[in-house]
Amino acid sequence: MLNRKIILLVMLIIISCDLPQDPGPMPTEIIAQKFEPGHNVFGVLCNDGQPGTSFLHVERAWETEELTEEFDAFIRNATVTIFIDSAEWDFTYMIDTVHNEIYTNPGFLPLSGTEYGLIIESPELPTLTGTVVIPEKPAVDSSSIKIENNYIKFSLAAAGSIRMYDIYVFSELDVIDQRLISNGDAMEVKMDLSELGGVPNLIFIYGYESNLAAYQTSPSTIKPQTYHETVITVDGGYGCFGAVSVISIALD
Amino acid sequence: MRIWLVIGLSLMGLLRGANLSGYVADRETGETIIGVNVIIDGSNYGASTDRNGFFTVTGISVGEYTLRFSHIAYQLVSQKVNVGRSDKFLGTVLLDQAAIQGESITVTANRGKIIKRDMDISGFEVDPVVLREVPTLGRDVFRLVQYSPSTTISDPMSPLYYVRGSDPGENLVQLDGMTIYNPQHMLSLQAIFNPYAIKSIEMLVGGYDAEFGGRNSSILYISSREGHQDEVKGEFKPSTSGFKGAIEFPVSGGGTAMLSGRVLTSLVNRVLMNMPNYMGDFNGAWQKTIGKTKVRVSTFYARDYMDYDFHRFSIYFTQPYMKDYSFGFLSDATNLALGVKTRSILIPSLVAETHCYFSRFSVDNKNFFSFSAYDSINNVDVVLKYTTRIINRISDFTTKANLTYFTVFNQTLKLGVENNQYNFYNDTGIFSNQSSITDLSSALLSFYLQDKIALGALLLKFGIRQARFQSASKWRSEPRASFALKLGNTTIKGAWGRYHQYIATMNTQDVEISQYLDYYYPLIDKVPLTSLHYILSMEGKFIRQLNYSLSAYFKELPVLYRFDYNSSSASIFAYNAGLEQGSGEAYGAEFLVRGNWKRLSGWTSYSWSRSTRNYPSIQAGKSFLFDGDQTHNLKAVLLFKLTDDITASTTIKITSGFPRTWETGNFNHYTYDPLANSVGVFPEPYTPDKNNVRYPARVAWDIGWKKKLRGGFGYYLAEYIGSDEAYFTLSIQNLLFLRRNPYMYVYIPEYGHYGFDIAYFPMVSAGYSIKF
């Protein structure tokens, strides 16, 4: 009789425990905001003087429970249109060696100062729209470029449509980079050449408009169940529709 | 000027009776004693000694009296005093220690009885002997503080605590009056104060005097020991992870000194995982009385260093994916303080204090996570890369002085001035943002006046603090008032006060692996953090040795700040470009019972609380639960004196879970490589609602055992090296290990969410210490 009581007690303890293989107790008081299905886009209109370099990734958002080892968020049958008042371009699905899967248009070449619209439609998801104004090209006063005391210095001219710069300085051996947040005013650039490992011979400067600058600098988290603000620059979905203008400067 | 002062003081002296003042100290050690009742024999009239061991009995008529000095741990002393028309300074009254059985019972249980902190409406005072008697507290001040009914936590891996719904950055911690910034070790999650060096721990959780400024939520005031006047005394505690030690001794010329230190490292991490780590803290104090002036020099230094990369653990695994990740943190923190304090009895009814100190904290804290894998389905490289690096430094050079005057109508007036010269340095980079640097200096100048009036059973306090942050900004007022009305064995207390804080802290709980410290920013050209306290409480006795207190509070928080990470990209970390102003409120009720019953002593409490926040950019300004909101808190610290040599103890915490943000969906976040004109992706949760779930309730039960050794190796070792006593301690933490306390859920495909706990098994630790 005593043994039975002990066995019952042990069983009671075990079934009331959270054993390591159990998921454990779950949270309560969930204020459930319903999952809103939608496209998740990352589009970059690239003002580098070459047609066909602009692209879009088109995926969808998903609920946590959808995640499996075979899960694939990419949407391959979307209708993607970029337009201005007087014209429109269809971006089509393709696979290339750089981007893998993207939507692009080989003839599309964006122009500085022009506002482009975006419409993405696909079955069973709400239509996504967005706009972006192509930023002006970064401008450097060539006379300001100086290499002194293992530093390279130059002046970036005021550019009201640029909110962030990525600057790369190349040598034959290596490359160094610097990111600068901009409010549109002229800026002085100073970069340490000590880690370049050679004589600088080329500068690339990328100027981002506000959508892409905000998206790229938005923080994220790897901690589950933590709040972070999501940057969304489109309507009716998730993600970013932005633009970048590029210049390169060869150094003597 | 001086003549008018003397005339004024003399006139006021004629209006009232005489004042009797003095210090009370331990005859053997010379240490001043806090909480000694000084009563005029045959009456209930008297005072108790403050944290300096100083008392003033005010308004006594001419005559001959007997003063009784009583303290539970000391023999009663009576002293005859002839009182004339003028004030009298009695010097230092010495008490002999009582032969008590088990200090844990007699001292800690009666602490509430022996200390009459007349007006500190929301105080939580515990004798540090509790740290020594309850092994499960790990001899740590912060673990002890978490057993206050007013505290909650939000991250079990962090030592930061929340007091009555306010942010951890609104808690002020002072060691001997010096502000210590981030007084916690990361490695052990403990406070950086050696328990042996602590003389008293006093925590004020609201409604505090105008003397305290610059923080809106709580004051943790720690007094360190003064040193032994005749002998060399101390404690030494070696362990496999390091050592702790303290020594106090007389110094030639009549002074006393105390030195203490701890150095610890985790050998498991260092040897098995090649992860360098160490932490240390050192206290020093020297004190001397010159005439009627006490001079005290205090110094403090602490250092933490950790270099954890769990990638180094991969040497034990053969799986290739273990080679392609890096996860960990590198933290280097230093804390130091040095100060000189004087306390002079100018005349028996006029006390002057000056204090000058320098306190500095700096940290370089890096969290990183990176993982790369090939996604064969989508034919892309999946790259997860996440880094935060925050370099933060605050320097505080403070000079302050005050005058306390015991004057007519049993009034105590305190007038003070405080000047803080700050320097803030910050260099923060989070995620892909490159860091930006801020280096700012600022000054906070404050004046305060506090008046305490005793009218029979009614005690009133009024105070005002005027402060100006930066010379160009305007003066701001912080009025405060409180009362205490004694009705038989019951005391009713109430308080109201306005509090301003000119330093904000950055909440990185959502972006760092664990936020274990605060990062400080000055609120230059901003409205200061503002908090209004409304408190009502009742205190009394159930039976002779069982006290209770019931408190209700409401805190209005009209000005709060958070760092809006998205508002202006990387530049937000530069200074205040990303500071978003919001508001909030907190309210609750706390019930505390403490005392002793037969061989059982300790305290137990229940509290109910609520705290919310509003910020324009979060949920369109809708109110949401504050991170530190734990609705229900049931806590207990109990000691049971089994024999004269053995104390068993237990600590229990049953609390509501933490508010957390449960994702409503997920999507891939893209990183752009402009050189290749290509992208990388990583999955990211979508979290439109902050703190939309509450984690399950948390239950923690630990037990401890402390035994004074009377034989065996430990006893003979202590005897051999000439020490007085040796102790063995044992603690078992997480007794209810089969009951999960999740602190994080991870979604595992085709399994579901799995809740991770910190401790899956009981943690048993044994210790040995010797006292000399």
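This tour moves through a predicted model, one selection at a time.

**Chain B as a whole**

Begin by selecting chain B and colouring it by secondary structure: seven helices and 45 strands are assigned to chain B. Of its 772 residues, 59% count as buried. Among contacts in chain B that join residues at least 6 apart in sequence, 65% are between residues at least 24 apart.

**The interface with chain A**

Next, display chain A together with chain B. The contact draws on 71 residues from chain B and 73 residues from chain A. About 6,800 Å² is buried between the two chains, and carbon and sulfur atoms give 55% of that area. On the chain B side, select B:Y670, B:Y672 and B:L738, the residues that lose the most area to chain A; together they account for 11% of what that side buries.

**Aromatic pairs**

Over all chains, a search of the whole structure finds 47 aromatic pairs. The first stop among them is A:F91 with A:F108: the ring centres are 5.4 Å apart and the planes stand at 70°, so the pair is edge-to-face. A:F91 belongs to strand β4 (residues 87-96) of chain A, while A:F108 lies in the loop between β5 (100-104) and β6 (115-122) of chain A, so the pair ties together parts that are 17 residues apart in sequence. Both A:F91 and A:F108 are buried.

Then move to B:F542 and B:F591, an edge-to-face pair with 6.4 Å centre to centre and 65° between the planes. This pair links distant parts of the chain, with B:F542 in strand β30 and B:F591 in strand β32 of chain B, 49 residues apart.

**Charges over rings**

Two selections show a charged side chain over an aromatic face. Select B:R343 and B:F54: B:R343 lies over the face of B:F54, at 4.5 Å from the ring centre. Then select B:K706 and B:Y727, where the charged end of B:K706 sits over the ring of B:Y727, 4.4 Å from the ring centre.

Select B:H533, which is located in strand β30 (residues 529-543) of chain B. Its relative accessibility is 1%, and because buried means under 20%, B:H533 counts as buried. Which backbone atoms does the side chain of B:H533 reach? The backbone nitrogen of B:G207 is at 3.2 Å from that side chain. The backbone oxygen of B:N216 lies 2.9 Å from a polar atom of the B:H533 side chain.

**The nonpolar cores**

Now select B:F361, B:V363, B:I394, B:Y422 and B:Y519. These residues have the most contacts inside the largest nonpolar core, which has 40 residues. Strand β31 (residues 546-563) of chain B contributes the largest share of this core, five residues.

Centre the view on B:I394. Not counting residues up to four places away in sequence, B:I394 touches B:Y181, B:S359, B:R360, B:F361, B:Y422, B:N423, B:F424, B:I503 and B:Y520. A second, separate core has 34 residues, including B:Y147, B:V163, B:V173 and B:I198.

**Two residues with positive phi**

The tour ends in two loops of chain B. Select B:K598, in the loop between β32 (579-597) and β33 (600-614). B:K598 is not a glycine, yet it has a positive phi of about 55°. With a relative accessible area of 67%, B:K598 is exposed.

Finally, select B:Q619, in the loop between β33 and β34 (624-625) of chain B. B:Q619 likewise has a positive phi of about 55° although it is not a glycine. Is B:Q619 buried or exposed? Its relative accessible area is 16%, under the 20% cut-off, so B:Q619 is buried.

Conventions. Residues are numbered from 1 along each chain as its sequence is written. Chains are lettered from A and ligands numbered from 1 in the order in which they are written. This is a predicted model: local features need pLDDT of at least 70, side-chain atom pairs count only at pLDDT 80 or more; totals for chains, interfaces and linings use all residues. Side-chain values use heavy atoms; hydrogens and water are left out. Helices (H or I, at least four residues) and strands (E, at least two) are DSSP runs, numbered from the N terminus. Buried means under 20% relative accessible area, exposed over 50%, partly exposed in between (1.4 Å probe, protein chains only). A polar contact is a pair of N or O atoms within 3.5 Å; within protein, one must be able to donate a hydrogen and the other to accept it, and residues adjacent in sequence count only if both atoms are side-chain atoms. A nonpolar core is a set of buried Ala, Val, Leu, Ile, Met, Phe, Trp, Tyr and Cys residues joined through side-chain atoms within 4.5 Å. Contact means heavy atoms within 4.5 Å. Rings of Phe, Tyr and Trp (its six-membered ring) pair if their centres lie within 6.5 Å; planes under 30 degrees apart count as stacked, over 60 as edge-to-face and the rest as tilted. A charge sits over a ring if NZ of Lys or CZ of Arg is within 6 Å of the ring centre and within 35 degrees of the ring normal. Buried area is the accessible area (1.4 Å probe) that two parts lose on being put together, summed over both.
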